[in-house]
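Open the structure in your viewer and keep the sequence panel beside it. Each stop below gives a selection, then what is there.

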Amino acid sequence: MRKPVRGLTAIALVGALALAGCGNDRGGDTPSEPAGGDDATSEATDDAGEATDDADGGDATCVSSDAVVGVALPQKTSENWVLAEQLFNDGLTEAGFQPIVQFGNSGVTEQQNQIDAMVEQGAEVIVVGAIDGSQLGTQLEAAKATGATILAYDRLVKNTDAVDAYIAFDNFQVGVLQGTALLEGLEARQGEAGPPWNVELIAGSSDDANSIPFFEGAMSILTPKIEDGTLVVVSGQTTFEQAATQGWKAENAQKRMDTILSGSYEDTDLHGVLSPNDTLARAALTAVESAGKPVPVITGQDSEVESVKLIVDGVQYSTIYKDTRELVAQTINSIKELAACNEIPINDTESYDNGVKIVPSYLLTPIIVTQDNAAEVYANDPTLGPLTQ
Ligand code: GAL
């Protein structure tokens with residue numbers, strides 16, 4: 001259910017920006033139409049058009065030009081996180097800040113302790129890529145009490161008022177793109193086998209706040225096709241809970257697919273797989289190969305090197321390009337705005353409900369990639385571009 005946006009009755013955006021398709025909240029509860037829009041620095045106004053201080057109606061924050069900035073990253077479950085570490089260290093240092101960038105490799109408790117330590121070291125801004133977005137409220141509220149600004153990066157932080165903004169690619173739209181690609185891939189590559197086509201569903205880790213918008217975005221496209229018989233989930237595992245992959249671990253996805261293939265596909269073929277990211281897509285392909293089955297149409301996300309090679313070779317059907325350079329740059333840009341005593345750039349104030357409030361967000365646009373457009377999409381990517389030549 002949509003919650004009224006607290007403290008504001010309208011947002012006037014500086015520059016040409018149309019708030020695209022904002023629907024209900026989207027903290028993983030009630031998905032809505034993809035939101036997001038073009039870049040702009042938002043100026044929050046009330047009915048009378050008087051500028052308020054910032055998107056929450058609070059006082060604009062001024063951060064020191066050499067502020068300590070804590071960046072709490074989750075675990076290296078995909079290449080984008082490894083790249084983010086390097087980009088944050090380089091970009092924050094170059095901007096004159098003092099970065100403390102750490103991974104919570106051993107889990108939530110370590111990440112909680114790291115955030116506490118960042119506060120003790122005087123962090124004025126804390127950027128959080130949460131392992132489990134629902135378990136950081138205590139630490140972030142303590143950080144907020146010191147005057148720190150809290151930015152949720154890539155993954156929404158849930159059940160706390162302490163988060164000031166969410167900066168991410170629109171992850172519900174990621175799911176919509178994945179579901180759409182699966183259908184298009186089946187039409188393009190499995191036209192002789194169906195419809196109906198046999199498909200299986202894989203979801204991300206249940207502790208990752210992104211996993212539900214990924215899954216629900218895809219199912220907003222696929223559910224009508226399951227209901228009309230175009231798609232058949234032979235295993236019968238159609239819920240998020242059944243499809244979730246704990247810790248985003250490849251071995252967990254591979255083991256689940258091994259069981260499904262041996263239990264439900266003795267006498268039939270698997271035509272398509274919804275995979276939420278590239279790591280799990282490759283795990284599913286390994287299971288299919290072990291079962292001696294033909295390669296299905298399979299989706300992914302993150303444009304990982306090994307998967308881009310598989311897409312160029314016509315094996316994996318699709319991935320998603322969420323340019324980590326853009327996401328990190330937008331986050332650092334927000335901190336620069338705070339250092340100039342400006343408000344955080346926001347382009348969406350309706351989509352992401354974190355269970356306590358609608359978190360003002362800056363949403364970037366994800367891009368679907370297939371064999372047909374990989375060269376064009378990656379043309380300016382120094383790592384991926386050469387793979388498509
Ligand atoms: C998500 C992120 C995805 C992927 C996944 C697994 O939160 O948005 O792009 O990286 O984690 O690591």
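The tour goes from the disulfide to the spaces inside, then to ring pairs and backbone details.

**Before you start**

Remember that this is a predicted model.

**Stop 1: the disulfide**

Select C62 and C341. They form a disulfide, with the sulfur atoms 1.9 Å apart. Now trace the chain on both sides. C62 sits in the loop between β2 (42-45) and β3 (68-73), while C341 sits in the loop between α10 (324-339) and β13 (361-364), so the bond ties together parts 279 residues apart in sequence. Look along the S-S bond next. Its torsion is about 135 degrees, so the disulfide is right-handed.

**Stop 2: the largest pocket**

Select N80, L83, D302, T324 and D381. Of the 20 residues that line the largest pocket, these are the closest to its centre. The pocket holds about 380 Å³ of space. Colour the two domains: domain 1 is 20-163 + 323-365 and domain 2 is 172-321.

α1 gives the most, with four. Colour the lining by class to see nine nonpolar, four polar and seven charged residues.

**Stop 3: the largest cavity**

The structure holds two cavities of 30 Å³ or more. For the largest, select S78, N80, W81, R155 and D302. These lie nearest its centre, in a lining of 14 residues. About 100 Å³ of space lies inside. By class, its lining has three nonpolar, six polar and five charged residues.

**Stop 4: the second largest cavity**

Select Q178, I202, A203, G204, S211, F214, F215, A218, L274 and P276. They line the second largest cavity. It has about 40 Å³ of space. Which helix gives the most to this lining? α5 does, with four residues. The lining divides into seven nonpolar, three polar and no charged residues.

**Stop 5: aromatic pairs**

The count comes to six aromatic pairs. Begin with Y166 and Y352. Their ring centres are 5.0 Å apart and their planes stand at 65 degrees, so the pair is edge-to-face. Y166 is in strand β7 (residues 165-169), and Y352 is in the loop between α10 and β13. The pair links parts of the chain 186 residues apart. Both Y166 and Y352 are buried.

F214 belongs to helix α5 (residues 211-227), whereas W248 is in the loop between α6 (240-243) and α7 (250-264), 34 residues away. F214 and W248 are both buried.

Then select W81, F88 and Y153. Ring pairs link these residues into a cluster. W81 is also one of the residues nearest the centre of the largest cavity.

**Stop 6: backbone details**

Stay with W248 and switch to the backbone. Its phi is near 55 degrees, a positive value in a residue other than glycine. W248 has a relative accessible area of 7%, so it counts as buried.

Move to N159, in the loop between β6 (149-153) and β7. Its phi is near 60 degrees, again positive in a residue other than glycine. N159 is partly exposed, with a relative accessible area of 46%.

Finish with G194, P195 and P196. A cis peptide bond joins G194 and P195, with omega about 0 degrees. Another cis bond joins P195 and P196, with omega about 0 degrees. P195 is in the loop between α4 (171-189) and β8 (197-201). P196 lies in that loop between α4 and β8 as well.

Terms used: Residues are numbered from 1 along each chain as its sequence is written. This is a predicted model: local features need pLDDT of at least 70, side-chain atom pairs count only at pLDDT 80 or more; totals for chains, interfaces and linings use all residues. Side-chain values use heavy atoms; hydrogens and water are left out. A disulfide is a pair of cysteine sulfur atoms within 2.5 Å. Helices (H or I, at least four residues) and strands (E, at least two) are DSSP runs, numbered from the N terminus. On a 1 Å grid over the protein atoms alone, a cavity is a set of points where a 1.4 Å probe fits but cannot get out, and a pocket is an open set with protein on both sides within 12 Å along at least five of seven lines; lining residues have an atom within 4 Å of a point. Grid points are joined across faces, edges and corners, and a volume is the space filled by probe spheres set on the points. Ala, Val, Leu, Ile, Met, Phe, Trp, Tyr, Cys and Pro count as nonpolar, Asp, Glu, Lys and Arg as charged, and the others, Gly among them, as polar. Domain bounds come from an automatic or database domain assignment. Rings of Phe, Tyr and Trp (its six-membered ring) pair if their centres lie within 6.5 Å; planes under 30 degrees apart count as stacked, over 60 as edge-to-face and the rest as tilted. Buried means under 20% relative accessible area, exposed over 50%, partly exposed in between (1.4 Å probe, protein chains only).
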